[in-house]
Amino acid sequence: MDDEAHDSNGPLDEALKFATYEDYLDSQISATDLYYLEDEDLSRQLVELGYRGSGETLKREEFEARKRAAEEAKLSKLHSAPKQLASVGKGDLEHFPFLHAIAEREELVRNGKLTCIVFIRDKNQKGQEVSAYIDLAHRFRTENFEPYFERKKKLMPRPSDLSYYNWETQHSTSNSTPNFQVIADNEAGLLFKNKRDRKVINVDPKSPPGDNSRRVELLTTEYMQVVLFDHVTRRKT
C-alpha cells in the first residue's frame with residue numbers, strides 16, 4: 001500500500017519541480033538517449049509515450065492541470081494564513097484610550113467572536129461636526145489599520161459607515177454591512193440587527209443595549225465623543 005501511494009504521488013511531486021512540460025520531459029532524457037537518438041524533440045516524444053524515462057510519465061494536459069492545481073493551492077494557503085494583528089508592535093497605546101480599546105478588541109473582532117459598533121463624533125478637515133456608527137469588523141476587513149495604530153491617520157466617520165451624519169450640512173446616510181442590518185425609522189430609534197445571531201443592538205443611551213451587548217463610553221481627548229457597543233456573537237441554532 002505504501003509503495004502504491006508513493007508511486008501515485010511521484011508524478012505530482014515531479015511536476016511541481018519544473019517550469020515547463022519540456023523541462024519535465026528533458027529531466028527524463030539521459031545523455032545516452034541523446035547520443036543514440038541525436039534528436040532532442042524525438043527524445044521528448046519517446047519519453048511522453050513512455051518508451052524512455054523512469055516510472056509513469058505525465059501527459060502534457062495532466063502536467064499543466066497539476067501545475068495549475070499547485071498554484072491555486074499555494075494561493076489558497078497564502079490567503080488563509082493567519083495575519084499579524086495590525087496593533088502588534090505599535091508601541092505603548094496606554095495614553096491613547098481609543099486606540100488602546102480598539103487594540104484590545106482586534107483579535108476577537110477579526111476571528112468573529114466579537115462584533116463592535118464604534119460611535120465617533122468629531123470634526124472633519126473642514127471643521128464640520130460629523131458622527132457615525134462604524135462596524136469595526138467591516139473596517140478591519142476593508143482597510144489597513146496599521147497607520148491608525150501608528151497615529152499617522154485618524155479613524156473618522158464616513159458616509160459608507162452603518163450610519164453617518166454631518167451636523168452642519170444635515171447630510172445623512174445608512175448602510176447595512178455583512179455583519180449588521182440597519183433598522184431606522186423605528187419607534188425605539190436607531191437599531192442594528194446582528195446578521196449572525198439576529199440579536200438587536202439598541203444604541204440609545206437611555207435604553208439597555210440588548211442581549212449579549214454592552215455599552216462602553218470612553219473618556220478621551222482623541223475625539224469629541226466615543227462610545228463602543230460590544231456584542232458577543234452566538235450563532236443561532
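This tour moves through a predicted model, from its largest nonpolar core to a residue in strand β2.

**The largest core.** Begin by selecting Phe 98, Ile 102, Val 118, Leu 136, Phe 145, Phe 149 and Leu 228; within the largest nonpolar core, which holds 29 residues, these touch the most other members. Next, colour the elements that each supply at least two residues of this core: the helices α6 (97–110), α7 (136–142) and α8 (146–149), together with the strands β1 (114–123), β2 (129–135), β8 (213–218) and β9 (225–232). Helix α6 provides the largest share, six residues.

**Phe 98.** Centre the view on Phe 98 and display its surroundings. Setting aside residues up to four places away in sequence, Phe 98 touches Val 118, Ile 120, Leu 155, Leu 218, Thr 220, Glu 222, Tyr 223 and Val 226.

**The second core.** Now select Phe 119, Leu 162, Phe 192 and Ile 201, which are among the 11 residues of a second, separate core.

**Glu 129.** Finally, move to strand β2 and select Glu 129. Is this residue buried, partly exposed or exposed? Glu 129 counts as partly exposed because its relative accessibility is 23%, whereas buried would require a value under 20%. Show the side chain of Arg 121 as well: a polar contact of 3.0 Å joins it to the side chain of Glu 129.

How values were computed: Residues are numbered from 1 along each chain as its sequence is written. This is a predicted model: local features need pLDDT of at least 70, side-chain atom pairs count only at pLDDT 80 or more; totals for chains, interfaces and linings use all residues. Side-chain values use heavy atoms; hydrogens and water are left out. A nonpolar core is a set of buried Ala, Val, Leu, Ile, Met, Phe, Trp, Tyr and Cys residues joined through side-chain atoms within 4.5 Å. Buried means under 20% relative accessible area, exposed over 50%, partly exposed in between (1.4 Å probe, protein chains only). Helices (H or I, at least four residues) and strands (E, at least two) are DSSP runs, numbered from the N terminus. Contact means heavy atoms within 4.5 Å. A polar contact is a pair of N or O atoms within 3.5 Å; within protein, one must be able to donate a hydrogen and the other to accept it, and residues adjacent in sequence count only if both atoms are side-chain atoms.
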